[in-house]
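Subject: Structure handover

Dear colleague,

Here is the structure for your files. Please keep it open while you read the notes below.

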Amino acid sequence: MANILICVDGSSGSDHAVEQAIKYGLLKGNYVHLLRVVPESKVIPGGAAGAEYINALVDYNVEQAKEMLEKYEERIKNKCLNYSTRYIIGDPAKEILHYEEDNEIDMIVIGSRGLGKFSRTVMGSVSTKVSNNCKCSIFVSKEPHE
């Protein structure tokens, strides 16, 4: 039994990655970890009102993460031996890599948005950062072009 980490963010790329993992039998007989990393807020609060806004934003994002994980759980629960779901607040690439190491992950499944050359150069992408720094195998799913 392998430990498979599926990183989800609710995007169509994430949906496609889950579908591809199922299609290619990556989940069958394995333990699946569904992970959603909620990005930290980059807003600098201005006094008490700003802090309240940040807390409300974090609460909202956590609720969205829980609902998202439930949606993906429904899609994979009968396709694998066992599974767990978890959300973490932080930098997505860093948290995925920490999770990989802490949970002895054998393979990471992640979607790719297909950023253009400029955006990828300026911002980088989570899938690129993870694939360049992970210690295990990685399955990067690209959405089909229409």
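Predicted model: local features only at pLDDT ≥ 70, side-chain atom pairs only at ≥ 80, totals over all residues.

Residues are numbered from 1 along each chain as its sequence is written, and side-chain values use heavy atoms, with hydrogens and water left out.

Overall

The protein chain has 5 helices and 5 strands; helices (H or I, at least four residues) and strands (E, at least two) are DSSP runs, numbered from the N terminus. Along the sequence they follow the pattern β-α-β-α-β-α-β-α-α-β. Of the 146 residues in the protein chain, 38% are buried. Buried means under 20% relative accessible area, exposed over 50%, and partly exposed in between (1.4 Å probe, protein chains only). Among contacts in the protein chain with a separation of 6 or more, 79% are between residues 24 or more positions apart; a contact means heavy atoms within 4.5 Å.

The sheet

The 5 strands form an open sheet in the order E3-E2-E1-E4-E5, with parallel pairing. Two strands pair if DSSP finds at least two bridges between them. Strand E3 (82-89) and strand E5 (137-142) are at the edges with a single partner strand each, so one side of each has no neighbour in the sheet. On average, neighbouring strands of this sheet are turned by 20° against each other, direction ignored.

Strand E1 (residues 3-7) runs parallel to strand E2 (residues 31-38) and is joined to it by 5 bridges. In this pairing Ile4 stands opposite Val32 in E2, and Leu5 has His33 in E2 as its bridge partner. E1 is also joined to E4, again in parallel, by 3 bridges; here Ile6 is partnered with Val109 in E4. Between E4 and E5, which run parallel, there are 6 bridges, and Ile108 is partnered with Ile138 in E5.

E2 has 7 of its 8 residues buried, so it is largely enclosed by the rest of the structure. For E4 the count is 6 of 6, so E4 is largely enclosed too. Both faces of E4 are covered, with Met107, Val109 and Gly111 buried on one side and Ile108, Ile110 and Ser112 buried on the other. In a regular strand the side chains alternate between the two faces of the sheet.

Helices H3 and H5

Helix H3 (residues 92-102) packs against helix H5 (residues 126-133) at an angle of about 35°, with the axes 9 Å apart. Axes are lines fitted to C-alpha atoms, for helices over the stretch in contact, and angles run from 0 to 180 degrees between N-to-C directions. The crossing of H3 past H5 is right-handed, that is, the near helix is turned clockwise from the far one by less than a right angle. On the H3 side the contact uses Pro92, Ala93, Ile96 and Leu97, which meet Val126, Lys129, Val130 and Asn133 in H5.

H5 lies across E4 and E5 and runs at about 155° to E4. The buried residues of H3 are Pro92, Ala93, Glu95, Ile96, Leu97, Tyr99 and Glu100. Their cover includes E1, E2, E3, E4 and H5.

Two single residues

Glu104 lies in the loop between H3 and E4. Its phi is near 50°, a positive value in a residue other than glycine. Most residues other than glycine have a negative phi. Glu104 counts as exposed, at 64% relative accessibility.

Arg75 is in helix H2 (residues 47-76) and counts as partly exposed, at 23% relative accessibility. Which residues does Arg75 touch, not counting those up to four places away in sequence? They are Asp15, Val18, Glu19 and Ile22. Arg75 and Val18 are 57 residues apart in sequence, with their C-alpha atoms 8.3 Å apart in space. The side chain of Arg75 also makes a polar contact with the side chain of Glu19, at 2.5 Å. A polar contact is a pair of N or O atoms within 3.5 Å; within protein, one must be able to donate a hydrogen and the other to accept it, and residues adjacent in sequence count only if both atoms are side-chain atoms.

Regards
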